[in-house]
Amino acid sequence: MLKFSIYKNVLFLLLITNINCQESNKQTMDTIFYHNDFNNPVELTIKPVKIKSFGNVKPLEDYSPNQDQKNYLTRYLNPERNSRLNSSLPDGDLWEIKWKAEINSSVFPWYFLIKNERIIIQNESGWQLFDTSGKNIANGIKAEGEIFIDESEDIFYINDPSGFIQAVDLISGDRKFYVYPYLGKGFDRSVIFSNGNKIINSAFELPVMTHDSPIIIPDFNILETIVMGKSREINEDGVLKSAVQKANLIIKSGKLITALHDSTIVIAVPNHIYFINADLQITNDFVEDFIPLEMSIDEEMRIYLLVEVQVEENVKNELWIIDSAGNLLSETEIESIQKNYLAPPAIDYEHNVYIRYEDKIIAFNTSGNILWEQHIQKPLAGFAATKDYLLTSEGNILTAFDHKGERRFFYNFDDELTTSPILVDDQIFVATRKHLFCIIPKR
């Protein structure tokens, strides 16, 4: 397995060098796709759709969540990346700590995932598994990439430092099995879809740093389908015997932004938004001149896109809302966002849009008009949208903003918050550098 992995990586680097040499004279490069074979670019047969203004837009119907859905299986709460919670905030102005648990304070907590009675904290280089009473069950390490919990099985997937994708038991934290992805190590890799029988992972080539040459900015992405099979039998190395690399779509574009709705993958790359189906076939191509900065989508697969555009001699940032047919519903110039503070727009039940900055939050309606702007305590660790409020971790306080931008106070912690809050069954989970907290309305 190791020799095979090394061979594939060497072959990959040779192919990249060949392609880069062929295209080094191009001032700008459009997206190039490959299906399983670097030597044969995919020729798109679909007709590109120009993103253009739609004119008068009908009011959007309010989102109606599934109240039984209390699991948040991926970063930004759902595959659409819209930071939308499926619960409403309970009444009551006074809250108290139900419990707090110590976490690994040597690494920085990034975000939570929750399924049933388990909480996963992803940190800078690994993860910690807790139950919903605050008991620490297990800890582990991971390579670059985000954690994903399987909806149909009690497992979660990580990018293992070995180059394999590792499936971990959600109940115990023990390793279940490995599967080998295309090209193995050297990628920021995340599982983005799973239905129990197959997974799709998204990988972005990591830069290679050497002492005697400049850093080459990578531009290769991989979407790969692996069929898991029904068996969970493993070999002596822990590799799942039934797993088969079914197909991959290689994308030469620079780093892409990915979101999912059901089994449709939406990717944003310079000048294009592509729809890709579960068979990794490209079904739609929306085109315009832009550089994507961040993206989320809603339940109707409307796209909320932060972009950088060139207007005459000036570079501007804008918020675009695009429907699933490529119509531009609204286009609004926004203040420039520093790279470190870029996050997918949060979308509430009424489709209001929330954009975070270093020191403030700005709320927009679907017409692109500003609803409110509020300065916050720094740092802004994150936010999540409920029906009536935007629940916010700002500085060392947990707050919420209503649709008028009025702040509601919940709790003042002894340390700065480091994660977005998550609300489940009238309990709010949030973390500082040292502790995981569960707070509840005071009785």
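User: Which strand does S1 pair with, and how do the two run?
Analyst: Strand S1 (residues 32-35) is joined to strand S16 (residues 244-252) by four bridges, and the two run antiparallel. Strands here are DSSP runs of E with at least two residues, while helices are runs of H or I with at least four, and both are numbered from the N terminus. Two strands pair if DSSP finds at least two bridges between them.

User: What kind of model is this?
Analyst: The model is predicted, so local features need pLDDT of at least 70 and side-chain atom pairs count only at pLDDT 80 or more, whereas totals for chains, interfaces and linings use all residues. Residues are numbered from 1 along each chain as its sequence is written, and side-chain values use heavy atoms, with hydrogens and water left out.

User: Back to S16. Which residue in S16 stands opposite Tyr34?
Analyst: Tyr34 faces Ile250 in S16. Tyr34 also belongs to an aromatic cluster, together with Phe38 and Phe220.

User: How many bridges are there between S15 and S16?
Analyst: Strand S15 (residues 220-227) pairs with S16 over eight bridges, in the antiparallel sense. Within that pairing, Thr225 in S15 has Ala247 in S16 as its bridge partner.

User: Next topic: what is the strand order in the open sheet of five strands?
Analyst: The order is S3-S24-S23-S22-S21, and the pairing is mixed. Strand S3 (52-53) and strand S21 (291-297) stand at the edges with a single partner strand each, so one side of each has no neighbour in the sheet.

User: How is S3 attached to S24, parallel or antiparallel?
Analyst: S3 and strand S24 (residues 327-334) run parallel and are joined by two bridges. Ser53 has Leu328 in S24 as its bridge partner.

User: How many aromatic pairs does a search of the whole structure find?
Analyst: The search finds 15 aromatic pairs. Rings of Phe, Tyr and Trp (its six-membered ring) pair if their centres lie within 6.5 Å; planes under 30 degrees apart count as stacked, over 60 as edge-to-face and the rest as tilted.

User: Why is the pair of Phe290 and Trp320 given the type it has?
Analyst: The ring centres of Phe290 and Trp320 are 5.3 Å apart and the planes stand at 65 degrees, so the pair is edge-to-face. This pair links distant parts of the chain, 30 residues apart: Phe290 is in the loop between strand S20 (282-287) and S21, and Trp320 is in strand S23 (residues 314-322).

User: Is Phe290 buried or exposed?
Analyst: Phe290 is buried, with a relative accessible area of 2%. Trp320 is buried as well, at 3%. Buried means under 20% relative accessible area, exposed over 50%, and partly exposed in between (1.4 Å probe, protein chains only).

User: What about Ala259: where does it sit?
Analyst: Ala259 is in strand S17 and is buried, with a relative accessible area of 0%. Ala259 and Pro79 are 180 residues apart in sequence, yet their C-alpha atoms are 5.9 Å apart in space.

User: Now pockets. Which residues lie nearest the centre of the second largest pocket?
Analyst: Gln69, Asn78, Pro79, Glu80 and Glu151 lie nearest its centre, out of 26 lining residues. Strand S13 (187-194) and strand S17 (257-261) are the elements that give two or more residues to this lining, and S13 gives the most, with three. On a 1 Å grid over the protein atoms alone, a pocket is an open set of points with protein on both sides within 12 Å along at least five of seven lines, a cavity is a set where a 1.4 Å probe fits but cannot get out, and lining residues have an atom within 4 Å of a point.

User: Which residues line the largest cavity?
Analyst: The lining consists of Glu146, Tyr157, Ile158, Asn159, Ile165, Arg189, Ser190 and Val191. Strand S10 (155-159) and S13 are the elements that give two or more of the lining residues.

User: Last one: how many bridges join S31 to S32?
Analyst: Five bridges join strand S31 (residues 397-401) to strand S32 (residues 407-412), and these strands run antiparallel. Phe401 stands opposite Arg407 in S32. The hairpin has five residues between the strands, and in it Gly405 takes a positive phi near 85 degrees.
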